[in-house]
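Reader: Hi! Could you walk me through this protein? I'd like to start with how burial is judged.
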Amino acid sequence: MRIAVAGGGPGGLYFAALARQLLPAAEITVWERNAPDDTFGFGVVFSDETLGGIENADPAIYQQMEREFARWDDIDVHYRGEVITSGGHGFAAMGRRRLLELLQGRCAELGVTVHFRTPAPDAATLSRDYDLVVAADGANSAIRSGRTTSFRPEFDFRDCRYIWLGTDLVFDSFKFYIEQTPHGVMQIHGYPYDASGSTFIVEMHDDVWRSAGFERLAAGDLVPGESDERSIERIAELFADVLGGHKILANNSRWLRFATLRCASWRDGNIVLLGDAAHTAHFSIGSGTKLAMEDALALAACLHEHGCGAQDRSGARVAAALEAYEAERRPVVASTQRAAQASLEWFENLGQYAGQEPEQFAFNIMTRSRRVTHDNLRLRDPEFTGRMDAWFADHVKRSGLGPGDVVPPMFQPFRLRDLELPNRVVVSAMDMYSASDGQPSEFHLVHLGGKALGGAGLVMTEMVCVSGEGRISPGCAGMYAPEHESAWRRITSFVHDSSGAKIGLQLGHSGRKGSTRLMWDGIDLPLESGNWPVCGPSPIPYLAGVSQVPRELTLAEMAEIRGQFVAAASAADRCGFDLLELHCAHGYLLSSFISPVTNTRTDCYGGTLAGRLRYPLEIFSAMRAVWPAGKPMTVRISATDWVDGGITGSDSVEIARAFRAAGADAIDVSTGQVTPDEQPAFGRSYQTPFADAIRNQVDIATIAVGVISSYDDVNSIILAGRADLCALGRAHLYDPNWTLHAAADQGYSGPGVGWPVQWQAGSRPPQTGRTDGPRPRLELIRAGDAGTRHARWRPEGGRKQR
């Protein structure tokens, strides 16, 4: 078998070394356009998981790398004059040049042919002359660029500028320096890589970069290998206190905008992409070298497992191996890219956290990718997490709530106007499609009453419609008839009499998404019979050719609907609801006024965002006028339409600001469902960043919602200051007693949650069979309590020290 590798970086060389061992009869040739000692960058960081894979795959190379590692456990956050440390993380780093030397030596030892200072032949030639072509030629891959129709790459260029530098200042841990300058917030990512130096990455938002004058300083005509010396001199001035007289080191260092690369396919015939040629992930959560070496390991293993060392004239074995490689690595890379995306967006929006107190900021930066959580940090460094929980307890006490007891953050109380909630958990509004002519049924009593007994601080009704025509389906509940009020009053009375929860009413109008079937009969599909007319800001159907075309509302009809909302709000007070929420999300009537996708009016209720907001704000203000002053009102919005030309995250900040000015107490931040053309970036807690931006830019309470399912997620979101409340929907369908069980699992009992007296005998988790035996007694005595690892890098002696 003949294998060609384009690119002699760590990924390409490591693959060649592994493939040579697994396929001993293979002829492997590597082309590298640079000299053996050329490298760009400074240090490379590895996780324990990656090192475990390297150790098992090739112990020889691992042992050589292990002797070179700078190892440490701590992360230091330097912010507003304080240094807060989180330990127990476990890092290993080494110089990139030294890593290349080791891999080059290993390839030579194994008989791999490596051509330095030699560009690889063109892809067509390689594909013809070799059984397998591995494109490991980096983010600017010539092979991928020549075959874009096959690989279909997409680049997402981001809003920060960064420059990759080094320094002869040897850090003893991973460092985040957050510097507030006259131009805005700048940050440094720093870590040691050997006894002589550290990586020193300077990053800032493009607006800050321009304000600081780097646009004028940055040279636009640098040749390969040349560094932006004028910018580096300015960086040395700005961060003189950090550097303490030490030098900045440059190596092809110039300002860059990070681009996340995603390819629809990593394979084209016998050509396969590896490492940065296939994908990139922001440096703030790891290294591209780490991903490339993991790719190399997987690719070599798949080739071996599919028998590619044997003669394969048809190429079927290679094709099967490449398919298996992509199937194995793509989900892992996608997960890494999601975490990296969350991290890079956090740094892009760093300025919005500049007002946070040091403890909250430190926890926020540690959990920014959503991979590291409150529970995860508690396992790594219980002292750090204990300090964060204590700070939050004191923060809540200083706001006039609670005694200051240190408890899980989700069980700290929260107040909106005169409404005090015992904890931060909300049962999200979920349509049940179980009403008749708008009349709530016994199902609603059991559903909402059961969720209230389950321990949540606030239980929300489904979207309750203000008129029969405003229903989504025949099964939707309403608040437009006297008999509706008596049914709702029965439900609120049960919640108040039998639980410690509060109950909120969500009011809305279906708009163009009305007159549809029950969800389980065909969501969003029009009724087969018994239709009623639908309306909207503009005559644009939800499903073209399927849905009804809505009539465009006249001013008189808009006034009538406004009156229906006001009447429903007054009825809600009579029914005893504690909170009122206006539904302006998910493509229903008020949402469709806000979105430019659905509102093409030319009068004062269309056009600009201010115009499109006019009608929802009029309705909100009219409701607020009849709703008691001591009771809070919230607004649910779609923070993005997930489609080009629709509402964006930055729009949602302005939407929230407008509702805050109108008297809203909190924004319930959802997304999408405005158009069937949406392309949501679905994932765990995927809507929380929008709640985060609104809370920290508008200074209004927010409710985070969307694939939040664990108490660990809730604790992390609340403690980091990304939201004030967390709304969980499907988690409560799976477990109506979700909050009670979260308390039991965390060993919490207190005012933040109360078991109904009838259930108190079950307030502890039931016993289960043992899954492991006890450790030997003397082993326990000798081991003692190891505590948190706080090892820091000390070059003396080449080993980390406590």
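Author: Happy to! A residue counts as buried when its relative accessible area is under 20%. One thing to keep in mind is that this is a predicted model.

Reader: Okay, so is alanine 501 buried or exposed?
Author: Alanine 501 has 3% relative accessibility, so it counts as buried.

Reader: And where does alanine 501 sit?
Author: Alanine 501 is in a loop, between helix H18 (482–498) and strand S22 (502–508).

Reader: Which residues does alanine 501 contact, leaving aside its neighbours within four places in sequence?
Author: With those set aside, the contacts of alanine 501 are Ala452, Ala456, Gly457, Val459, Val495 and His496. There is also proline 422, which is 79 residues away along the chain, with 7.7 Å between the two C-alpha atoms.

Reader: Nice. Let's zoom out: how many helices and strands are there?
Author: The protein has 28 helices and 29 strands. Its radius of gyration is 30 Å, close to the 28 Å that the globule rule gives for 802 residues, so the protein is as compact as a globular protein of that length. Along the principal axes, the C-alpha atoms fill a box of roughly 85 × 65 × 60 Å.

Reader: What share of the residues is buried?
Author: Of the 802 residues, 56% count as buried. The protein exposes about 32300 Å², and carbon and sulfur atoms supply 50% of that area.

Reader: What about contacts between residues 24 or more positions apart?
Author: They make up 71% of the contacts that have a separation of 6 or more.

Reader: And the charges, how far apart are their mean positions?
Author: There are 78 positive and 97 negative charges, and their mean positions are 2 Å apart.

Reader: Switching to aromatics, how many pairs are there?
Author: The count comes to 30 aromatic pairs. In one of them, phenylalanine 171 and tyrosine 177 have ring centres 6.1 Å apart and planes at 40 degrees, so the pair is tilted. Both phenylalanine 171 and tyrosine 177 are buried.

Reader: Which residues form an aromatic cluster?
Author: One cluster is formed by Trp72, Tyr79, Phe91, Phe174, Phe176, Tyr191, Trp346, Phe347, Tyr353 and Phe361. Phe361 also turns up among the buried residues of H14.

Reader: Oh, how covered is H14?
Author: Helix H14 (residues 358–366) is mostly covered, with nine of its nine residues buried. Helix H25 (residues 711–720) is mostly covered too, with ten of its ten buried. Among the buried residues of H25 are Tyr711, Asp712 and Asp713.

Reader: What follows H25?
Author: Glycine 721, which has a positive phi near 80 degrees.

Reader: Which residue has a positive phi although it is not a glycine?
Author: Serine 515 is one, at about 55 degrees. Serine 515 lies in the loop between S22 and helix H19 (519–522), and at 1% relative accessibility it counts as buried. Histidine 586 is another, with a phi of about 65 degrees. Histidine 586 is in the loop between strand S25 (579–584) and helix H21 (589–594), and is buried, with a relative accessible area of 8%.

Notes
Residues numbered from 1 in each chain as written. Predicted model: local features only at pLDDT ≥ 70, side-chain atom pairs only at ≥ 80, totals over all residues. Heavy atoms only, no water. Helix = DSSP H or I, 4+ residues; strand = E, 2+ residues; numbered from the N terminus. Rg over C-alpha atoms; globule rule 2.2 N^0.38 Å. Buried < 20%, exposed > 50% of the residue type's maximum accessible area, 1.4 Å probe, protein only. Contact = heavy atoms within 4.5 Å. Areas by Shrake-Rupley, 256 points an atom, 1.4 Å probe, with all protein chains shown as cover. Lys, Arg positive; Asp, Glu negative; His and termini not counted. Charge placed at Lys NZ, Arg CZ, Asp CG, Glu CD. Phe/Tyr/Trp six-rings, centres within 6.5 Å; stacked < 30°, edge-to-face > 60°.
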